[in-house]
Amino acid sequence: MNTISPRDWASHPPYLHAPYRSTSLRGPTKPLIPIQQTLSELTGPVYGHESLGRLDADLTKNARRNGEPLGERIIVTGRVMGDDGRLLPDTLLEIWQANACGRYVHKTDQHDAPLDPNFLGGGRCVTDDEGRYRFYTIKHGAYPWGNHHNAWRPNHIHFSLFGPTLLTRLVTQMYFPGDPLLELDPIYQSAPAGARERMIANFSIDVTEPGFALGYVFDIVLRGRGATPMERTP
Ligand SMILES: [Fe+2]
């Protein structure tokens with residue numbers, strides 16, 4: 001039975017990061033206790049293509065009620081890798097995001113921006129044999145979040161991946177290149193310099209579909225020295 005390499009903490013934000021205020025309420029104050037990797041940590045969950053709906057990976061279509069969602073269509077694609085760059089097929093990715101106005105479909109989001117009846121902001125897919133995934137979605141707006149005076153989150157898409165085992169679970173956020181809010185955002189800034197840049201997607205003219213949508217590439221590494229940083233939200 002193969003074991004999973006230890007997490008490289010140099011790639012991830014600390015549990016407590018004072019400028020990101022709510023981490024002080026939920027971050028552990030005592031050292032973590034390593035536990036032995038046993039069968040239950042090293043196997044499953046296992047997901048199959050049969051559990052996915054036909055439109056699950058297309059957020060521009062999966063919640064349509066009376067028309068197209070508003071906003072700029074984009075394509076987000078990339079590869080999922082484990083330790084040493086090994087490509088990971090059959091890996092479930094789930095994403096969630098605000099709409100083009102910066103509003104989530106969630107009862108706790110009371111931002112004064114309109115909801116879109118044709119956009120839910122949730123999607124999922126499974127990587128193919130070469131570890132690739134692909135989503136169609138809407139580029140969403142910045143939103144205020146009350147962490148400090150005049151705090152606005154940069155554009156981001158939330159990602160959750162399980163990988164081959166429970167130990168390779170990763171929850172992270174994908175950001176867009178050139179966003180002026182990145183240098184002001186305590187969540188993005190909480191990841192170590194040199195690692196946080198791995199959360200920024202690259203614009204790609206090759207992925208861009210003529211006359212339809214811009215394309216972005218976001219590769220995700222679940223473990224090892226080049227791991228994509230985790231986010232410190234519940
Ligand atoms: Fe968010």
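These notebook entries follow what I looked up in the structure above.

**Basis.** I am working from a predicted model, in which local features need pLDDT of at least 70 and side-chain atom pairs count only at pLDDT 80 or more, while totals for chains, interfaces and linings use all residues. Residues are numbered from 1 along each chain as its sequence is written, and side-chain values use heavy atoms, with hydrogens and water left out.

**Iron site.** I looked up the protein donors of the iron ion and found Y104 (OH), Y143 (OH), H156 (NE2) and H158 (NE2), at 1.9 to 2.2 Å from the ion; donors are N, O and S atoms within 2.8 Å of the metal (3.2 Å for Na, K and Ca), and since water is not among the atoms, sites may look incomplete. Y104 lies in the loop between β2 (92–96) and β3 (122–126) and H156 in strand β7 (residues 156–161), so the pair ties together parts 52 residues apart in sequence; helices (H or I, at least four residues) and strands (E, at least two) are DSSP runs, numbered from the N terminus. I noted that Y104 and H156 are both buried, where buried means under 20% relative accessible area, exposed over 50% and partly exposed in between (1.4 Å probe, protein chains only).

**N62.** I placed N62 in the loop between α2 (39–42) and β1 (73–81), and N62 counts as partly exposed at 26% relative accessibility. The side chain of N62 reaches the backbone oxygen of G122 at 2.9 Å, although the two residues are 60 apart along the chain, with their C-alpha atoms separated by 8.5 Å.

**Aromatic rings.** I found 11 aromatic pairs in the structure; rings of Phe, Tyr and Trp (its six-membered ring) pair if their centres lie within 6.5 Å, with planes under 30 degrees apart counted as stacked, over 60 as edge-to-face and the rest as tilted. One of them joins Y20 and W145, whose centres are 5.7 Å apart with planes at 65°, so the pair is edge-to-face. Y20 is buried, with a relative accessible area of 3%, whereas W145 is partly exposed at 24%. I also noted that Y133, F135, F159 and F218 form one aromatic cluster.

Key
A polar contact is a pair of N or O atoms within 3.5 Å; within protein, one must be able to donate a hydrogen and the other to accept it, and residues adjacent in sequence count only if both atoms are side-chain atoms.
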